[in-house]
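Take a look at the chain below. This short report starts with one pair of residues and then widens to the whole chain.

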Amino acid sequence: MGHNTLTIVRRLVYYVVEVKEMNFYTVRDLRNTPKSIWENLSKDGEVVITNNGKPAAIMLDITDGSFEETLKAVRQAKAAIAFNSMRSKAAERGFMSPDEIEAEIAAARRGE
């Protein structure tokens, strides 16, 4: 992970971990009053767009020219969220013991 990517990930984690006041706008606001959204995006670095009252998108300010790094960091964060979700679901269902894993491997090798 490059230095810029690490910085962006840390910044995203900070926003997630810290309680930060965020600006929420509807899709209609985006269409009817885009200037105020762009102003708040520049000032605060992020805004949330809602659709039918539910968060639908996050807009991030990338005026520093770090588009590729920001995109990479966002994708890494989304992958980490998906991984943690899968891990939680697996823990809820119960993990296989080492003996059960070996039995599954042996069965697969035997063609069962």
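This is a predicted model. Start in helix α3, which covers residues 34-44 and holds both Lys-35 and Glu-39. Four residues separate the two, about one turn of the helix. An α-helix has 3.6 residues a turn, so residues three or four places apart point the same way.

What do Lys-35 and Glu-39 form? They form a salt bridge, and their closest N and O atoms are 3.9 Å apart. The cut-off is 4 Å, so this pair qualifies. The count for the model comes to one salt bridge.

| Residue | Relative accessible area | Class |
|---|---|---|
| Lys-35 | 61% | exposed |
| Glu-39 | 46% | partly exposed |

Lys-35 counts as exposed because exposed means over 50%. Glu-39, at 46%, falls in the partly exposed class.

Now move to helix α5, residues 98-110. Its 13 residues should span 18 Å at 1.5 Å a residue. The end C-alpha atoms are 18 Å apart, so the two values agree. Gly-111 follows α5, and its phi is positive, near 85 degrees.

Finally, the whole chain. It has five helices and three strands. From the N terminus, their order is α-β-α-α-β-β-α-α. Of the 112 residues, 16% are buried. The accessible surface is about 8900 Å², and carbon and sulfur atoms account for 57% of it. Among contacts with a separation of 6 or more, 42% join residues 24 or more positions apart.

Definitions and conventions. Residues are numbered from 1 along each chain as its sequence is written. This is a predicted model: local features need pLDDT of at least 70, side-chain atom pairs count only at pLDDT 80 or more; totals for chains, interfaces and linings use all residues. Side-chain values use heavy atoms; hydrogens and water are left out. A salt bridge is a side-chain nitrogen of Lys or Arg within 4 Å of a carboxyl oxygen of Asp or Glu. Buried means under 20% relative accessible area, exposed over 50%, partly exposed in between (1.4 Å probe, protein chains only). The expected span of a helix is 1.5 Å times one less than its number of residues. Contact means heavy atoms within 4.5 Å. Accessible areas come from the Shrake-Rupley method with a 1.4 Å probe; for residues, only the protein chains shown count as cover.
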